[in-house]
Protein chains: 4
Amino acid sequence: MSVNKVILVGNLGKDPELRYTPTGTAVCNFSIATTERFKDRDGQQQTKTEWHNIVVWRQLAEICGKYLHKGKQVYIEGKIQTRSYEDRDGNKRYITEIVADEMRMLGGRNDEGYQRPAAPAQPQQPQAQSSAQQQPASGGFQEPGYNTDDDIPF
Amino acid sequence: MSVNKVILVGNLGKDPELRYTPTGTAVCNFSIATTERFKDRDGQQQTKTEWHNIVVWRQLAEICGKYLHKGKQVYIEGKIQTRSYEDRDGNKRYITEIVADEMRMLGGRNDEGYQRPAAPAQPQQPQAQSSAQQQPASGGFQEPGYNTDDDIPF
Amino acid sequence: MSVNKVILVGNLGKDPELRYTPTGTAVCNFSIATTERFKDRDGQQQTKTEWHNIVVWRQLAEICGKYLHKGKQVYIEGKIQTRSYEDRDGNKRYITEIVADEMRMLGGRNDEGYQRPAAPAQPQQPQAQSSAQQQPASGGFQEPGYNTDDDIPF
Amino acid sequence: MSVNKVILVGNLGKDPELRYTPTGTAVCNFSIATTERFKDRDGQQQTKTEWHNIVVWRQLAEICGKYLHKGKQVYIEGKIQTRSYEDRDGNKRYITEIVADEMRMLGGRNDEGYQRPAAPAQPQQPQAQSSAQQQPASGGFQEPGYNTDDDIPF
DNA sequence: TTTT
DNA sequence: TTTT
């Protein structure tokens, strides 16, 4: 009966890396920066940047690998996870990551991240597939559609 | 590319109501109170209670109907939704509800909500089905199990 | 001992309205849309838009009134509040609003919302006031600056 | 224009440690466990426990040091922060912590964590200081009290 | 190190 | 009333 939830809005420091496990599961890694503004004791404006390692699995990994890029602003929702591993000297090390289960691309089509090179091979953020119609505020009680979330990026 | 998320921790004002749509879908309704403490202009401690209408669908509805009761403290995660309906005079009215997709029972087994009557017919909060073993911090990279979430209450 | 928290990312439907109470307190009202995508029973992509009434007080109200505009994408954090009022027929009505205590403008400077007229008098989203220096990951224990939050918009 | 937010509900593994910096600022450290349930490939129920290092500053540190204890269930809201330090071998190490700015004690007065010894010297979770009156849903527009948050634990 |  |  516990809760482990992280909500981040930040920008990717590099392009994401999409890989596959031996069993073929997609996993995408990238890091995003969040920057905090505060005043130091002298009343000077300062900023402090925090870098977050993001891990995404399965279908969302494919979407992240395909549509995200360096500089892109994203909303991430996930959980904190600390893994241990052995470094080259055989010492146990720990790394804390955010395992994301929700991702939303922020900013519009005119806002693809300021550091983005004008590379022609770069994927375009696609038009959202035309939504049949704006669903009106329905009269009264309504059973919601069951969002399987399993085949559309956005 | 938007986010609509609500996180509440509060206590049920009454026992939940579990119903079924004509097509057999379970839906559970209950309300929870959140109380805020603040000081008024005179420096007097005041409290202000907000009531939230919660709607839960499908399997989580069954769980809520079965295990929640008046006074129980819960964590709720969901989204805000405003529906319209017609009142008895034919006027359009709006009601804002929280459609929950996560629920956690809070407090332990000694803490079933202070207003709870010692009714013998009341369901007991069951022991969590013994977890086979405490999973150790695994060495390195690990593909997570896929939580289908579809048959265990907690 | 309760929690009442809302997190929204959406776009303003109109320019915000900034007003002042008789005692001179700033209050800003605007609404933002969040749009959900789902599939109906026929497997058709549908969208459903939810409108949220946002209320902001004091200094953050001034910032919202000054820098937000129709179409702008924002992150909002706040609490749910339902107020009652009497309609013109003397009937008690309820309205649910989000009282915001955090706001972040999303998208970059090239992304001011596409319907924005190129009005010269319109305020520009200012350059973030140059942050003196990128604070390095400091060595060890560090007492944070106390962010009073009271005089800088971003 | 970023967001770095963590929301946790879990139980303290040990009593909190309250200390003071050389300049007299209170800082409280404790760790909380969150446990996730999932099924492995064999359909076996498993659990995985994550430990989170919590850091709290100033007045909230004093409250945590005074009222929290081993086993207590808490709601924590804060931000992720990674600090670096040198280990005894002069190697740079990183530790990720949650810097909390909100804490709510969960469970009622009958739910102090089941391993708690009946030590008479242990602080009691105080009765919430009687709230003068339940503030009614006020008629219409209302300016909120300004919650300075600076002298009351709950 | 907690809790279920 | 926005945005995609």
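Predicted model: local features only at pLDDT ≥ 70, side-chain atom pairs only at ≥ 80, totals over all residues.

**Helix, strands and cysteines**

Mentor: In chain B, helix 1 (residues 58-67) has these buried residues: B:Leu60, B:Ala61, B:Ile63, B:Cys64 and B:Tyr67. Buried means under 20% relative accessible area, exposed over 50%, and partly exposed in between, with a 1.4 Å probe and protein chains only. Helices (H or I, at least four residues) and strands (E, at least two) are DSSP runs numbered from the N terminus.

Trainee: Which side of helix 1 of chain B are they on?

Mentor: They are on the same side, because they cover an arc of only 165° around the axis. That arc is taken from the directions from the helix axis to the C-beta atoms. An α-helix has 3.6 residues a turn, so residues three or four places apart point the same way.

Trainee: What covers the buried residues of that helix?

Mentor: The cover includes strand 2 (17-20), strand 3 (26-39), strand 4 (45-57) and strand 6 (92-105) of chain B. Contact here means heavy atoms within 4.5 Å.

Trainee: New topic. What pattern does chain A follow?

Mentor: Along the sequence, chain A reads β-β-β-β-α-β-β, with 1 helix and 6 strands. Of its 154 residues, 47% are buried.

Trainee: And B:Val9, buried or exposed?

Mentor: B:Val9 is buried, with a relative accessible area of 0%. B:Val9 belongs to strand 1 (residues 3-12) of chain B. Beyond neighbours within four places in sequence, its contacts include B:Thr34, C:Met1 and D:Tyr75.

Trainee: How do strand 2 and strand 3 of chain D run?

Mentor: They run antiparallel, joined by 4 bridges. Two strands pair if DSSP finds at least two bridges between them. D:Arg19 has D:Val27 as its bridge partner in strand 3 of chain D. The two strands form a hairpin with 5 residues between them, and D:Gly24 in the turn has a positive phi of about 90°.

Trainee: How many disulfides over all chains?

Mentor: The count is 0, a disulfide being a pair of cysteine sulfur atoms within 2.5 Å.

Note on methods: Residues numbered from 1 in each chain as written. Chains lettered and ligands numbered in written order. Heavy atoms only, no water.
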